[in-house]
Amino acid sequence: SVKLNRLPRMADAAKWVTAAELAFDWEPGTFLDVYTKNRNMAVEIGLESDSVAQAIINHMKECVDWEGTCCELLDSLTKSEEERITRTKNWPKTPSTLSNRIRRLAPALRMVGINVEFTRKVQGRRHIQLRKDEKKSVTAVTQTSNSMENIVVDGSDAGDGELPISSDWWPGLWEDI
């Protein structure tokens, strides 16, 4: 009978654990809060470890809106990144490879406030548009030379991502089942 305002991924599991919160002596909403923070942390880690995502985040620090072809974007990103990054096997060498990478990164980029849109312009040329958005739900972590810089995207406390489980809850849980 649990009703959630918004269903996350794995909605059935979220409903089940939310219903069990009282049995664990958790405050109502604890599970979804921690679950959301952990998902956001996973997005942060994914963006932090992807060289193309980092290049796009750094590129968008300089502008609010960018539009052009994938070829133009690849040239721009390659020129702005360090050679040690652009010479790696992981760096896209063709516009179509960049396009595919950006399509996979789009949901994570959207979470840090960078909307990605693919369109067709004059004579069927494919364009990509990157636009900053005020709606952000996670912190973007960018690598600047040898140090990490956190860009706080929203004012919420990220928390430690752990559920408040006492050390004695586990044995009692199994006895009741």
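Visitor: Leaving aside neighbours within four places in sequence, which residues is Lys 15 in contact with?
Guide: This is a predicted model, where local features need pLDDT of at least 70, side-chain atom pairs count only at pLDDT 80 or more, and totals for chains, interfaces and linings use all residues. Residues are numbered from 1 along each chain as its sequence is written, and side-chain values use heavy atoms, with hydrogens and water left out. Contact means heavy atoms within 4.5 Å. With sequence neighbours within four places set aside, the partners of Lys 15 are Val 2, Leu 4 and Leu 7.

Visitor: Is Lys 15 buried, partly exposed or exposed?
Guide: Lys 15 is found in helix 1. Buried means under 20% relative accessible area, exposed over 50%, and partly exposed in between, with a 1.4 Å probe and protein chains only. The relative accessibility of Lys 15 is 34%, so this residue counts as partly exposed.

Visitor: In what order do the elements of the chain run from the N terminus?
Guide: Helices (H or I, at least four residues) and strands (E, at least two) are DSSP runs, numbered from the N terminus. The chain has 7 helices and 5 strands. From the N terminus, their order is α-α-α-β-α-α-α-β-β-β-β-α.

Visitor: Are helix 4 and helix 6 roughly parallel or roughly perpendicular?
Guide: Their axes lie 8 Å apart, at an angle of about 90 degrees. Axes are lines fitted to C-alpha atoms, for helices over the stretch in contact, and angles run from 0 to 180 degrees between N-to-C directions. Under 35 degrees counts as roughly parallel, over 145 as roughly antiparallel, 65 to 115 as roughly perpendicular, and the rest as oblique. Therefore helix 4 and helix 6 are roughly perpendicular.

Visitor: Which residues of helix 6 make the contact with helix 4?
Guide: Helix 4 brings Cys 70, Cys 71, Leu 73, Leu 74 and Leu 77. From helix 6 come Pro 95, Leu 98, Ser 99 and Ile 102.

Visitor: What is the phi of Met 10?
Guide: Most residues other than glycine have a negative phi. Met 10 lies in the segment before helix 1 (11–20), and at 59% relative accessibility counts as exposed. Met 10 is not a glycine, yet its phi is positive, about 55 degrees.

Visitor: Where does Asp 25, another residue with positive phi, lie?
Guide: Phi of Asp 25 is near 60 degrees. Asp 25 counts as exposed, at 71% relative accessibility. Its place is the loop between helix 1 and helix 2.

Visitor: What distance separates the C-alpha atoms of Gln 129 and Thr 69?
Guide: Gln 129 lies in strand 3 and is buried, with a relative accessible area of 13%. Its contacts, beyond neighbours within four places in sequence, include Asp 65, Trp 66 and Glu 67. Gln 129 and Thr 69 are 60 residues apart along the chain, and their C-alpha atoms are separated by 8.6 Å.
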